[in-house]
Amino acid sequence: MTNARTLSRTLMGAAAVLTLSGGVLQAQAPELPAAPQGAPQGAPQDSGALRVKVQGTLTDAQKNDPALDAATSAVAAQLRCPVCQGVAVQDSPSELAQQMRMVVKEQLAAGKSPDEVKAYFVSKYGEWILLEPQAHGFNLVVYALPVLLVLGGAVFLVFIVRKWTAAGPAAARAAPSGEND
Amino acid sequence: MNWKRASIAAATAAPVIGLFAWGLTRDPNSIPSPLPGREAPAFTLQVFAPGQGELSRPVGDSVRLTDLRGKVVVLNFWASWCLACRDEHSALSDVAQSYAGQPVQFLGVLYNDVPDKGTAWIAEMGGQSYPSVDDPGARVAIDYGLYGVPETFFLDATGRVAYKHTGPVTPRVLRYKVDSLMAAARQAAAAPAAPAADTGANTKAGKVQ
């Protein structure tokens with residue numbers, strides 16, 4: 001009996017851990033070569049002739065525009081750095097993340113909405129690139145499971161407390177923890 | 001033993017264990033690319049390493065992807081700091097050489113590196129038969145959804161991404177992919193009304209690796 005209870009407690013704990021680590025089921029970044037040594041930092045963005053998606057480079061005003069920087073940070077914080085483990089593009093010092101932030105900034109400066117910029121990265125890297133899974137399909141498990149567990153826990157508590165109190169104060173004194181029922 | 005409790009516990013455990021078991025069947029390192037089947041992102045990049053002989057292009061030449069329509073394109077992203085790129089270097093260079101004169105374009109794209117180091121690396125590896133272009137700011141790499149190097153993209157003659165290979169590529173995969181894409185292009189040319197056979201080639205080739 002005690003074993004069954006311990007088991008069920010363990011399982012509740014396991015379920016909670018599962019909920020907290022919902023993202024574990026999502027693919028992690030692959031093992032990748034180390035960051036390049038001695039590659040130019042931030043230098044390449046001025047090579048306008050070689051641009052692919054966004055034709056215009058940033059103007060000086062845009063480079064120092066705090067509103068644009070804030071918008072860039074907001075989008076970059078929602079994107080997963082491909083060469084890191086569970087780190088946002090905004091928080092990663094890696095070269096690729098820096099370049100991705102520059103792409104985000106240029107696309108925002110070119111008039112794209114944050115959603116359009118995110119859609120661009122999803123079209124290149126798949127939904128994996130979004131740190132927060134979109135609420136549809138199997139992803140709903142991540143959103144629904146915690147709610148279901150909290151509700152289940154509440155129901156469980158109601159039942160167990162009723163059971164304890166129904167036994168009466170005398171029985172409760174005899175078996176205060178309910179371990180001997 | 002309380003059978004009611006035990007069965008509740010088992011009923012709780014089953015989905016959790018099932019979910020973990022399912023998670024174990026997934027390779028956390030394999031991230032499917034959404035690109036295969038779609039049109040390859042266009043680019044114009046400048047040659048920094050010319051290649052050799054028949055396959056060479058002058059340094060500074062602009063390579064436009066749209067100009068390569070009608071050819072099978074093998075796009076290999078690499079860097080001089082990438083160790084795995086050393087493993088595939090001779091495979092790529094030799095196979096590219098063996099397709100000289102055929103409608104196939106091999107192209108190296110330098111990823112997060114400086115051209116000088118790339119040129120030195122090519123010299124150290126004993127030369128490369130096909131040209132390499134520089135990708136400043138990794139714009140094209142991001143456009144192709146690159147995770148790291150080496151990654152190799154196979155584009156069909158219509159300019160669509162047919163297949164993406166992550167990690168060092170082998171001569172067998174290279175030949176199989178290039179042959180099947182050339183065959184598909186010939187088929188499409190022979191029967192213009194028929195839809196391109198790239199999807200079939202794609203699934204078949206997936207088993208080769």
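Q: How many helices and how many strands make up the secondary structure of chain A?
A: This is a predicted model, in which local features need pLDDT of at least 70 and side-chain atom pairs count only at pLDDT 80 or more, while totals for chains, interfaces and linings use all residues. Residues are numbered from 1 along each chain as its sequence is written, with chains lettered from A and ligands numbered from 1 in the order in which they are written. Helices (H or I, at least four residues) and strands (E, at least two) are DSSP runs, numbered from the N terminus. Along its sequence chain A has the pattern α-α-α-α-α-α-α, and its secondary structure comes to seven helices and zero strands.

Q: What percentage of the residues of chain A count as buried?
A: A residue is buried if 20 or more other C-beta atoms lie within 10 Å of its own, exposed if 12 or fewer, and partly exposed in between, with C-beta atoms placed from the backbone. Of the 181 residues of chain A, the buried part is 19%.

Q: Is helix 3 of chain A oblique or parallel to helix 5 of chain A?
A: Axes are lines fitted to C-alpha atoms, for helices over the stretch in contact, and angles run from 0 to 180 degrees between N-to-C directions. Helix 3 (residues 66–76) and helix 5 (residues 114–125) of chain A have axes that come within 10 Å and cross at roughly 45°. Angles under 35 degrees count as roughly parallel, over 145 as roughly antiparallel, 65 to 115 as roughly perpendicular and the rest as oblique. Helix 3 of chain A is therefore, relative to helix 5 of chain A, oblique.

Q: Which residues in helix 5 of chain A does helix 3 of chain A meet?
A: Two residues are in contact if their C-beta atoms, placed from the backbone, lie within 7 Å. From helix 3 of chain A come Ala71(A), Ala74(A) and Val75(A), and in helix 5 of chain A they meet Pro114(A), Val117(A) and Lys118(A).

Q: How many nonpolar, polar and charged residues are in the contact of helix 3 of chain A with helix 4 of chain A?
A: These two helices pack at an angle of about 125°, with their axes 9 Å apart. In helix 3 of chain A, Leu68(A), Ala71(A), Thr72(A), Val75(A) and Ala76(A) meet Arg101(A), Val104(A), Lys105(A), Leu108(A) and Ala109(A) in helix 4 of chain A. Ala, Val, Leu, Ile, Met, Phe, Trp, Tyr, Cys and Pro count as nonpolar, Asp, Glu, Lys and Arg as charged, and the others, Gly among them, as polar. By class, the contact has seven nonpolar, one polar and two charged residues.

Q: Is Pro58(B) buried or exposed?
A: Pro58(B) sits in the loop between strand 1 (44–49) and strand 2 (62–64) of chain B. Leaving aside neighbours within four places in sequence, Pro58(B) is in contact with Val47(B) and Pro50(B). Because Pro58(B) has 9 C-beta neighbours inside 10 Å, this residue counts as exposed.
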